[in-house]
Amino acid sequence: MGQSDKTDPDLGDTTGKAEDRILADLRRGFELRYGKEPRIFFAPGRVNVLGAHLDYNGGKVLPVALGRGTYVALAPSERSASRFASLDLPGDFELEPRKQIPADLLGWAAYPVGVWEQLGDRCPGPFDFLVAGNLPRGGGLSSSASLSVATAFGLLSLGGHPIDLEETARLAWASETGFVGVQCGIMDQYASAISEHGRILLLDCHSREYELLPFAEDLELVVLDTRKPRNLVTSAFNQRVAECSEAFSILQARDPDLVVLAHARAEQVEAAADELGPVLTRRARHVVEESSRMDAVHTALEHDDHPALGALVRASHKSCRDLYEVSSDELDFLVEGVCAFDGVHGARLTGAGFGGCVVALVEPGSFSHQEESALLQPYAERFGFEAAVLRLELGNEVREIQA
Ligand code: GLA
């Protein structure tokens, strides 16, 4: 999830290199390092527009793939060991097949190795691997999921296996939860693996059914990066997962038909409030209310109703702040600040929270450079460091880059 000491692969740079430059650097770096030409695979990052912290609670989510993501260059190797390296970061290493995987792999290295382990017999023979990316570092835009998905897609392709995109997402997810140790839901890996150009993904994380709906032809999504360093996010995130699982156990003991927390009704939560206690009641309220916003979002999208979509997004942020308690002063400042401009329908934190990025729904042209400075200057004065506005292109797909 691209967001912490252990889990942040810290790929890419915050200026966002354009694809042509990355590809040229990656090919040159690969040839210099390994002396041969690679095949290159890409998987996108994502912003989640609505459905905060619902994936691991069996609810619905609404992510859209970004133009930026992670590029993985691969080629078979004649050596016995596979070699791994990053274009931008230190930490090159080699792994012999069937050797014990070092338990202390940190940062970006844990992601490809986790996928390698998940693939088991389907992993090709020894290979050489080089990675580069152009998502902001640790911004909560799924740099890690895009790395895992690009690796899974690339290794399956290299091994000549048929590729099922949902299975690719599940492999990437299993690697992050099983090997890297983040108890994340399936949203990021699904968004990276199955998104299509010009579409937003409405995914039911319980049934795994999904729709790819037309989106954003006449709406701009602006991403505001708090650039707040995010430490210990994994433990805070895993704590929310544990709280929700506890709340679910209590509610399910009262109603054995309840299958996931996101399906609970508001009355059930209120009736159990004493037993849940104040913290679990707040967490469960968020999940239940965010789920009803997800039920309303389909109609807003169908009617291209930007004000209605904006109102849902604003309410989601408020709930993340007050009930789920995953916001921060920096995120709140940017959300409130950007929503004060005409033509901005709504904004909310995206990803896990605790820092990272805000996504704002904006009428094209209404949040220009003038408005940008009017927001960023007071932010820098208040917090002592600068935020960034990212006008990211939307829509990209997992794919092999044709030479
Ligand atoms: C992180 C996780 C996702 C999801 C979001 C919150 O990005 O990786 O699985 O839980 O937080 O919606």
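**Sheets and the helices on them**

Four strands make up an open sheet, ordered E10-E11-E9-E12, with antiparallel pairing. Its edge strands are E10 (344–350) and E12 (388–390), each of which pairs on one side only. This is a predicted model, in which local features need pLDDT of at least 70, side-chain atom pairs count only at pLDDT 80 or more, and totals for chains, interfaces and linings use all residues. Residues are numbered from 1 along each chain as its sequence is written, and side-chain values use heavy atoms, with hydrogens and water left out.

**Terms used here**
- Helices (H or I, at least four residues) and strands (E, at least two) are DSSP runs, numbered from the N terminus.
- Two strands pair if DSSP finds at least two bridges between them.
- Contact means heavy atoms within 4.5 Å.
- Axes are lines fitted to C-alpha atoms, for helices over the stretch in contact, and angles run from 0 to 180 degrees between N-to-C directions.

- Strand E9 (residues 220–225) runs antiparallel to E12, and three bridges join them.
- Leu224 stands opposite Val389 in E12.
- Helix H9 (residues 306–322) packs on this sheet, where it touches E10 and strand E11 (357–362), and its direction makes about 35° with that of E10.
- Helix H10 (residues 329–339) lies across E9, E10 and E11, at about 170° to E10.

**The three-stranded sheet**
- Another open sheet has three strands in the order E2-E7-E8, again with antiparallel pairing.
- Strand E2 (60–61) and strand E8 (210–214) are its edges.
- Two bridges link E2 with strand E7 (residues 199–204).
- Val61 stands opposite Leu203 in E7.
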